[in-house]
Amino acid sequence: MSTYRPDFYPSAEKTVIISNSPIAGEISKVVGARVLPLKEAFYHSSLFEHFELVIYVCAVPIAVRAIARLALDKAKDPAVVCVDETLAHCVVLLGAHKGGNQVAKYLESTLKIRPVITTASDLNGKPALDQIPTYFAQGDLASVQRQINEAKPVALVANSCGLPNVLEALYTLDERSQDYIIEIARNDAGLRNDNNKGHVLLTKKRLVLGIGCSSDCSPDELSKLVQESLSVLNADLGQVLCAATIDIRKDHPAIVSLGLEVRAYGADELQEVRVPNPSKVVDDAVGTASVAEAACLLGASSGSQLVLEKRRSPKATLAIAQIQDRGVVSVVGVGPGSPLLRTRKSEIVLRMAEVVIGFEGYLNLCRDVLTPGQLQLSYKIGEEIDRVDRAIKEASRGATVALVCSGDPGVYAMASLLYERRSIQGRAGSYDIEIVPGVTAALAAASTSGAILGHDHAYISLSDLLTPWAFIRDALVNLAPTHLALIFYNPRSKNRRHQFREAMEILKGVRGADAPVLVAKAVSRVGQSTWITSIGELDEESIDMETVVIVGGPWTVVDEDIIYTRRGYDDSCN
Ligand code: SAH
């Protein structure tokens with residue numbers, strides 16, 4: 001079963017790099033996986049069973065010959081990419097839509113390796129039917145996909161349910177084509193595709209498997225229980241969104257081998273869920289009376305219902321919940337720039353989103369994660385309210401929306417605006433909100449040059465576009481005499497110059513011209529530069545909107561190219 005895995009790459013345990021060249025170490029640094037010599041890998045007959053991503057660092061012919069010996073089965077093969085030994089190109093050999101293309105783009109954004117992508121949908125910027133997040137595609141994918149790639153007509157048929165946004169943007173419902181049809185259906189009835197030529201059936205993945213198992217449960221036993229249980233619902237694995245279990249079992253080989261995203265919960269969280277079949281034995285063993293039933297209900301989140309009560313095999317239990325079609329806006333922080341400073345959660349949420357909305361520059365920070373299966377809407381600076389309102393509109397219609405912010409979404413970004421707009425518009429269109437944190441610019445800035453934020457600190461935005469300058473000034477006057485390090489966001493733009501100058505004048509008057517300052521520009525982006533100076537020496541012309549300025553407090557110390565703030569482990573700090 002070929003299952004779209006939103007959390008696919010780069011999971012270090014499921015990735016291997018194969019090479020004889022020391023340059024492979026560079027790939028290892030950004031992917032986190034180990035390197036096997038070519039010869040050793042050559043005799044590793046179960047390479048394709050063990051790994052989900054195989055990265056060769058060698059010439060393409062060598063890689064092709066190496067994989068030609070291994071069973072080639074589209075549904076089961078891992079993604080395989082080949083990078084040349086000068087790190088110039090990355091060729092996607094297998095599994096383009098199982099993570100191959102994304103890994104190639106990831107290597108481009110981290111190591112500037114040019115991706116060689118050959119899949120037509122990606123090249124044409126068209127959605128790939130097998131990559132539409134949260135949907136399962138069956139049927140004659142090849143011919144309908146060709147039709148989409150060539151921008152030719154396809155009829156959409158929707159049975160009392162919404163369309164995936166990405167298709168809605170391409171085709172209208174009444175478009176006529178007798179030969180090519182995409183049917184979108186709820187999958188409650190266990191619909192099966194009839195395999196007619198030119199017909200694709202798209203169903204929303206709405207099932208969540210709740211799994212409990214003992215430590216010695218075998219993958220075969222669990223897989224059998226899963227198949228049997230799904231067949232009771234006339235469903236199959238393709239309709240399953242994810243698996244859910246107790247945290248101590250999240251890496252259990254039987255669960256991992258199902259090839260699904262795994263959501264895990266602590267015993268205390270599971271204990272809170274009301275279930276039809278609690279068990280005293282389970283409670284005594286793991287501290288909650290239900291794992292399978294409680295986990296699938298939590299995994300499917302609010303409003304979901306149990307569609308299959310707990311069933312058991314000798315060493316496993318399984319229950320199935322169905323997700324309600326409720327939209328969600330996830331406000332996602334993608335960190336300051338580099339993919340290496342993104343959280344894993346932010347990548348999973350981005351990949352799961354049907355609609356991705358953001359300022360163009362922020363979408364560019366996560367292009368390697370996005371796929372043409374998603375509706376991507378980019379907006380200009382200043383269009384913040386439009387962005388949020390569009391996200392609310394899509395989520396109210398049941399879509400999974402990612403609203404992209406740089407850094408952290410709660411720090412001078414879109415999260416609070418979303419709550420504001422919701423309170424103005426009322427909660428009529430019911431949708432969920434999720435805030436996915438990210439590394440804010442200040443933390444990344446501080447880390448480039450030591451630990452200036454080691455003690456108390458405050459964030460101040462010098463932008464007076466939304467806040468009257470008198471309030472900002474007042475905060476500065478009050479904070480200047482404290483021991484807090486002061487972090488300045490939005491310090492200075494082409495049209496806003498006097499605020500920064502005035503802020504530094506206030507601080508100089510209280511903290512003195514020698515007060516240490518860290519200036520961090522374009523952190524973790526192309527052109528990063530950081531330097532340590534003092535308020536007196538600070539060249540304000542060097543400060544722009546891509547800069548964070550941090551002014552140290554009384555316990556901030558400069559030691560050559562390092563700046564840090566002492567916390568009082570010796571008496572001199574008291
Ligand atoms: N939500 C973002 C902040 C948005 S406000 C976060 O948490 O980081 C925009 C300001 O953030 C910029 O004017 C700049 O001061 C700072 N900033 C954001 N990214 C930065 C980066 N990569 N390098 C330096 N400063 C950055």
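Reader: Which residue in E9 is the bridge partner of Leu 156?
Author: In E9, Leu 156 has Ile 182 as its bridge partner. Helices (H or I, at least four residues) and strands (E, at least two) are DSSP runs, numbered from the N terminus. Please keep in mind that this is a predicted model, in which local features need pLDDT of at least 70 and side-chain atom pairs count only at pLDDT 80 or more, while totals for chains, interfaces and linings use all residues. Residues are numbered from 1 along each chain as its sequence is written, and side-chain values use heavy atoms, with hydrogens and water left out.

Reader: And how many bridges join E8 to E9?
Author: Four bridges join E8 to strand E9 (residues 181-185), and the two run parallel. Two strands count as paired if DSSP finds at least two bridges between them.

Reader: What sheet are they part of, and in what order do its strands come?
Author: The sheet is open and has four strands in the order E7-E10-E9-E8, with mixed pairing. Strand E7 (135-139) and strand E8 (155-158) each have a single partner strand, so one side of each lacks a neighbour in the sheet. The twist averages 20° from one strand to the next, where axes are lines fitted to C-alpha atoms, for helices over the stretch in contact, and angles run from 0 to 180 degrees between N-to-C directions.

Reader: Switching to E4 and E5: do they run parallel or antiparallel?
Author: Strand E4 (residues 79-83) and strand E5 (residues 89-94) run antiparallel and are joined by four bridges, with Val 81 standing opposite Val 92 in E5. Their hairpin has five residues between the strands, and in it Leu 87 takes a positive phi near 60°.

Reader: How many bridges join E5 to E6?
Author: Three bridges join E5 to strand E6 (residues 114-116), and these two run parallel. The bridge partner of Val 91 in E6 is Val 116.

Reader: What is the strand order in the open sheet of five strands?
Author: The order is E18-E17-E19-E16-E20, with parallel pairing. Its edge strands are strand E18 (375-379) and strand E20 (431-436), each of which pairs on one side only. Within the sheet, strand E17 (residues 355-359) and strand E19 (residues 400-405) pair in the parallel sense over four bridges, and Ile 357 stands opposite Leu 403 in E19.

Reader: Now the ligand. Which residues are closest to the ligand?
Author: The ligand is surrounded by 20 residues, and the closest are Asp 408, Val 411, Thr 440, Met 545 and Thr 547; a residue is near a molecule or strand if one of its heavy atoms lies within 4 Å of it.

Reader: Which domains does the shell around the ligand draw on?
Author: At least three residues come from each of domain 4 (327-439) and domain 5 (442-565), with domain bounds taken from an automatic or database domain assignment.
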